[in-house]
Amino acid sequence: MRSKTSERTPVQVDCPHIHKIIKKDSPLAKIESSSFKKQITNSSLHCDICETRAPKLWICLHNRCRAVVCHTSSKSHMRNHFDKENRDDSCHSIFVNPHTLKILCHACSSELNPFGDNNFLTSEARTYLKTVIRYLQMKRNKSQISIDQIPIDVPGLVGLKNLGNTCYANAALQCLSNTPALADFFNYCDAYIPQILYISKHPNYKLGEYFGQFVKAMWNGTSPIFVPVQLMNEIRKYNEVFRGHGQQDSMEFLRCVLDILHEELPYPQFMPGKVSKNGECIYMNQTISTSTSSNNSHNVCETISSTSSTTTKTSTTDRIQRRQSTRNSIISQIFQGTLESRIKCLHCKKEYLKEENFYDLQIQIDKKFKLKSSEKFPENLSSSSSSSGSGSVMGSLAGWLGMNSRVVRLQDCLSSFCAIENLTGEDKYRCDKCESLNDCQKRLRITRLPETLCIQLKRFRYESCFSSKIATHVQFPMEDLDMRPYCKDLSNEKGNPELADTLNITKYDLYGLIHHRGVLGGGHYIAYVKNPIDKNWYEYDDTFVTRKSEADISRLEAFVLFYHKKGSEKDRERTEMSSKINGDSTAETCYFISRLWFNRWQFMTAPGPITNYDFICPHGGVNTRRYPNIHNMVVKVPFSVYTTFVNKYGTDGSLPFHSADNAISGCTFCEQQEEKILEQRRRKEDEDIRKIDTNSIKRGEYWFLISAPWLLSWHYFKSGGSPPGPIDNYHFLNEDGSPKVGMERGINYRGINERVWSYFEHVYGGGPVCVRNAIDLYAPNPLISDYTKHGKSSKTKWIKK
């Protein structure tokens with residue numbers, strides 16, 4: 001049984017005992033002993049009275065006391081120690097848990113959290129307690145650091161609890177949370193997330209919500225340790241590999257998270273899709289007439305003819321259709337690049353070209369190609385590289401193959417990755433023109449560089465008879481990794497300035513690294529990340545967070561490397577524009593721009609054209625019913641800044657948006673049209689359901705159980721309320737599809753026939769399906785299917801009469 005004292009909600013009280021302690025001595029007087037810290041680090045610390053170990057241990061913070069006691073419901077050595085030692089001249093009531101880093105005052109029965117909103121703690125007490133926590137958070141070093149070297153108030157220094165061999169997940173999550181553009185999206189653009197989750201019609205799509213909670217806890221949280229239980233449980237729904245407690249691949253976990261977030265968080269689709277022949281503007285699945293007078297639309301802004309006419313080179317319809325043809329998300333904008341594969345048949349000379357997107361480059365360390373000295377490299381792959389020291393590709397390969405040096409560099413691995421590969425023997429390629437397997441040549445090159453470049457060094461070798469880990473140290477640049485030698489020649493992109501501008505910035509700086517310690521099939525993953533606030537490197541070993549030097553990082557055996565694009569010109573522009581945005585702009589008219597685009601401008605080298613379709617309606621106003629949190633979806637900028645943005649980046653055809661009094665009011669016309677469409681939809685759904693609803697089912701049919709609260713919300717919508725959203729049968733089902741305990745018919749669930757269920761599922765999505773012979777949740781399931789085992793929604797075509 002857990003300790004009630006340590007688990008209950010902390011009481012906000014003024015604790016006089018902490019003020020006695022902070023006047024005694026240094027906050028590290030008790031715990032700075034190297035032997036004591038070693039016991040904490042290797043978890044050998046135990047109660048002085050019994051053999052209880054972490055996480056039930058508490059250390060008395062009195063400067064002359066070295067007591068380590070336990071606190072359980074049946075016996076509390078903490079209480080005994082407090083009762084015995086609590087005298088007027090000393091105070092033994094403040095305890096810290098070295099495992100959870102919680103601080104408890106036994107006398108006040110309250111938790112003292114220096115990172116929270118406890119207004120009763122003085123700044124002196126906060127500093128004292130933060131110092132204790134940060135010191136315990138660090139792993140024991142050979143050379144002890146002084147108090148002034150401890151990063152007390154640096155944001156982002158939050159460890160992650162290991163949930164049972166989940167270090168692979170913790171390492172990947174730390175690198176993602178320290179990706180600035182991604183962290184900023186979840187911290188400041190989260191007003192978009194509920195809209196996207198709502199329109200997805202999938203109640204299981206909750207990773208975006210939980211990932212947002214995780215990012216907020218990492219940067220705005222009130223604890224030095226975060227427990228990612230909900231986040232991991234949600235990821236395990238999508239990939240059963242991560243459901244157990246075995247050690248998994250950190251890169252595979254990273255790809256899984258990015259794929260799910262990309263699917264869940266597409267950029268808003270509420271925008272005019274196309275203009276029909278009769279002049280009506282199609283707004284998602286709604287048709288809204290654009291032939292309205294200015295009296296029917298509020299906040300219709302005047303256009304900036306001097307700027308938009310010169311920057312908008314294609315029609316609005318073309319731009320919108322182009323946006324819809326490519327589903328972008330914050331994930332694809334940050335991590336996605338494009339790789340071109342070109343295979344040439346050496347017999348008929350036919351070439352096969354294929355382009356595919358990637359989130360990471362998988363680079364082999366020990367792959368050696370059979371090269372002929374007479375072969376030439378394609379396009380600019382034979383050009384010299386930057387000052388990062390990669391040299392020519394031929395020179396790099398020579399070094400890689402051991403002709404010049406035995407040192408292996410990241411640039412050598414990249415050169416080998418992009419070099420010509422001879423496909424012969426068992427690797428012959430089938431040529432469609434020759435209709436036979438022929439000797440071919442294959443080459444890879446990057447046609448579009450991502451904003452954040454993720455490189456995996458393939459250290460795990462899997463052979464038919466055995467598997468092993470490649471422990472070769474690969475030197476990697478901390479700054480100025482130039483990817484130009486491995487990219488497609490930019491001279492072919494003169495007609496595509498946006499792509500050319502993206503590729504022109506080809507230098508990257510390292511900001512994150514995942515290190516695997518140990519052997520294949522076992523070991524431990526650790527993340528190393530450069531904090532974007534204080535620019536120092538930190539080691540994230542589950543709950544431990546320790547400051548490191550660049551020299552420490554450069555010596556690591558890297559498994560995954562995270563680089564972000566650098567651009568001094570972009571940095572100067574951000575500094576200049578930010579000062580104008582944050583300055584006094586009362587003399588200028590202010591314009592509202594999408595916070596999503598502003599996020600891209602702040603952290604990406606190529607933010608793309610300005611778009612206001614994220615929140616603006618076809619009439620230049622805002623549908624406030626659809627966007628109730630509109631103020632959290634826009635950024636207000638002065639007219640001069642907006643003009644600069646338009647001149648440099650252009651627009652996608654969406655109208656500029658401003659208001660004379662800087663207030664945002666709703667577009668009446670859109671709201672009227674939406675209500676009209678909803679009323680038509682209400683009548684149709686009511687008529688359809690009345691035709692197919694029954695109080696009984698035929699022999700051989702089944703009852704489909706549905707959430708009673710959801711069904712009530714549908715009836716509310718039918719009577720004039722808002723749409724109910726996706727079906728959520730998890731109201732009465734567990735995540736594995738089994739029934740919850742204590743559910744009552746009519747209150748928690750109801751029964752409908754198959755036709756009604758299919759109708760609701762088609763319109764609203766959601767689930768999961770729950771089938772019974774009778775309207776009884778606890779009756780046996782008459783069908784056996786994979787989806788009922790895993791609680792996944794599915795269409796009902798598999799049901800046989």
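Analyst: Two strands count as paired if DSSP finds at least two bridges between them; strands themselves (E, at least two residues) and helices (H or I, at least four) are DSSP runs, numbered from the N terminus. The model discussed here is predicted, so local features need pLDDT of at least 70 and side-chain atom pairs count only at pLDDT 80 or more, while totals for chains, interfaces and linings use all residues. Residues are numbered from 1 along each chain as its sequence is written, and side-chain values use heavy atoms, with hydrogens and water left out.

User: In what order do the 5 strands of the open sheet stand, and what is the sense of the pairing?

Analyst: The order is 2-1-3-4-5, and the pairing is antiparallel. Strand 3 (residues 94-96) and strand 4 (residues 103-105), for example, share 3 bridges, and Ile94 has Cys105 in strand 4 as its bridge partner.

User: What makes strand 2 and strand 5 edge strands?

Analyst: Strand 2 (68-70) and strand 5 (110-111) each have a single partner strand, so one side of each has no neighbour in the sheet. Helix 4 (residues 77-85) packs on this sheet and touches strand 1 (57-60), strand 2, strand 3 and strand 4. The direction of helix 4 makes about 125 degrees with that of strand 2; such angles run from 0 to 180 degrees between N-to-C directions of lines fitted to C-alpha atoms, for helices over the stretch in contact.

User: How do you know that strand 11 and strand 12 pair?

Analyst: DSSP needs at least two bridges, and strand 11 (residues 337-345) and strand 12 have 8, in the antiparallel sense. One of the paired residues is Arg342, whose bridge partner in strand 12 is Leu353. Both strands belong to an open sheet of 4 strands in the order 12-11-17-14. Strand 12 (351-358) and strand 14 (421-423) are its edges, since each has a single partner strand.

User: Why is Ile689 called buried?

Analyst: Ile689 has a relative accessibility of 7%, and buried means under 20% relative accessible area (exposed is over 50%, partly exposed in between; 1.4 Å probe, protein chains only). Ile689 therefore counts as buried. Ile689 lies in helix 22 (residues 668-692). Beyond four places in sequence, Ile689 is in contact (heavy atoms within 4.5 Å) with Trp714, Val756, Tyr759 and Phe760.

User: Why is strand 28 described as largely enclosed?

Analyst: Of the 5 residues of strand 28 (residues 634-638), 4 are buried, so the rest of the structure largely encloses this strand. Strand 28 pairs with strand 27 (residues 590-594) over 5 bridges in the antiparallel sense.
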